[in-house]
Amino acid sequence: MRAVLLIVQKELGAYFKSMLGYLVFAVLLFVDGLLFHGLALGGADKLSATVLTQFFNFTSGVTMIAAILISMRLFAEERRDGTLVLLYTAPLTDWQIIIGKWLSAWTYLTLFLALTAYMPLLVMVNGTVNFGQLLSGYLGLWLLGAAVTAIGTFASSLTRSQLLAGAVSGAIVTTLVLSWQLSARVDPPFDVLFSFLALHNKHFLPFMKGSIHVRDIVYYLSVTFLSLLLTRQVLAARRWT
């Protein structure tokens with residue numbers, strides 16, 4: 001555990017020492033704020049629950065983009081700089097390296113989510129907030145972020161180019177997001193399969209409406225674990241190349 005925490009500390013330090021890390025936060029928070037004031041608060045009067053639902057809907061998209069941008073450097077940067085061999089020769093297991101790097105990205109993303117909390121709380125100025133829906137929505141964002149950062153970690157382990165890693169993880173995430181549309185166009189039992197694989201529509205919608213289901217939690221945890229397992233397989237293969 002100590003080794004994992006040391007990696008987390010090192011990676012978080014890299015995020016906070018880089019202007020790019022702050023720039024990503026600033027741009028995405030700005031975009032999220034514009035969407036909130038333009039879409040959720042704008043237009044005709046709405047119920048507070050509707051405002052929160054719309055907020056979590058577009059913030060989930062911003063969260064996925066943030067997760068990809070944050071995680072695409074994790075292994076690609078190490079390979080580009082030639083420092084990955086130092087991790088391989090250190091007294092660390094592959095799982096310690098992977099968990100440490102992924103956990104650092106997830107922690108950094110959690111900070112981003114925390115900074116967005118002022119937006120739904122603004123609803124309290126002229127209305128009331130259902131804190132059950134608020135907590136449910138943020139739990140959904142947190143789990144979604146865990147899954148996408150894990151996908152980004154896997155993509156980053158495949159290449160030395162951060163841009164290519166971002167493109168690969170973006171393609172994987174987009175495919176999973178759009179799989180719910182495929183479910184409406186294929187015959188059974190594939191419709192059920194594609195519906196279950198949907199990263200957003202099937203599994204995130206209940207969270208943003210205030211409902212928490214064990215199946216949705218299990219889904220996001222499964223995507224996270226599978227992505228990290230694939231990352232481990234990539235690292236294990238590269239040790240012999």
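Across the whole structure, a search turns up 15 aromatic pairs, where rings of Phe, Tyr and Trp (its six-membered ring) pair if their centres lie within 6.5 Å, and planes under 30 degrees apart count as stacked, over 60 as edge-to-face and the rest as tilted. Take Phe25 and Tyr108: their ring centres are 4.6 Å apart and their planes meet at 20 degrees, so this pair is stacked. It links distant parts of the chain, with Phe25 in helix H2 (residues 19–40) and Tyr108 in helix H6 (residues 94–115), 83 residues apart. Both Phe25 and Tyr108 are buried, meaning under 20% relative accessible area, with exposed over 50% and partly exposed in between (1.4 Å probe, protein chains only).

Before going on, a word on the model. It is predicted, and local features need pLDDT of at least 70, side-chain atom pairs count only at pLDDT 80 or more, while totals for chains, interfaces and linings use all residues. Residues are numbered from 1 along each chain as its sequence is written, and side-chain values use heavy atoms, leaving out hydrogens and water.

Now look at Phe56 and Tyr138, an edge-to-face pair with centres 5.4 Å apart and 90 degrees between the planes. Because Phe56 lies in helix H3 and Tyr138 in helix H8 (residues 131–156), the pair ties together parts 82 residues apart in sequence. Helices here are DSSP runs (H or I, at least four residues), numbered from the N terminus. Phe56 has 0% relative accessibility and so counts as buried; Tyr138, at 17%, counts as buried too.

Finally, ring pairs join Tyr15, Phe16, Tyr22, Phe25, Tyr108 and Phe112 into a cluster.

Conventions: Helix = DSSP H or I, 4+ residues; strand = E, 2+ residues; numbered from the N terminus.
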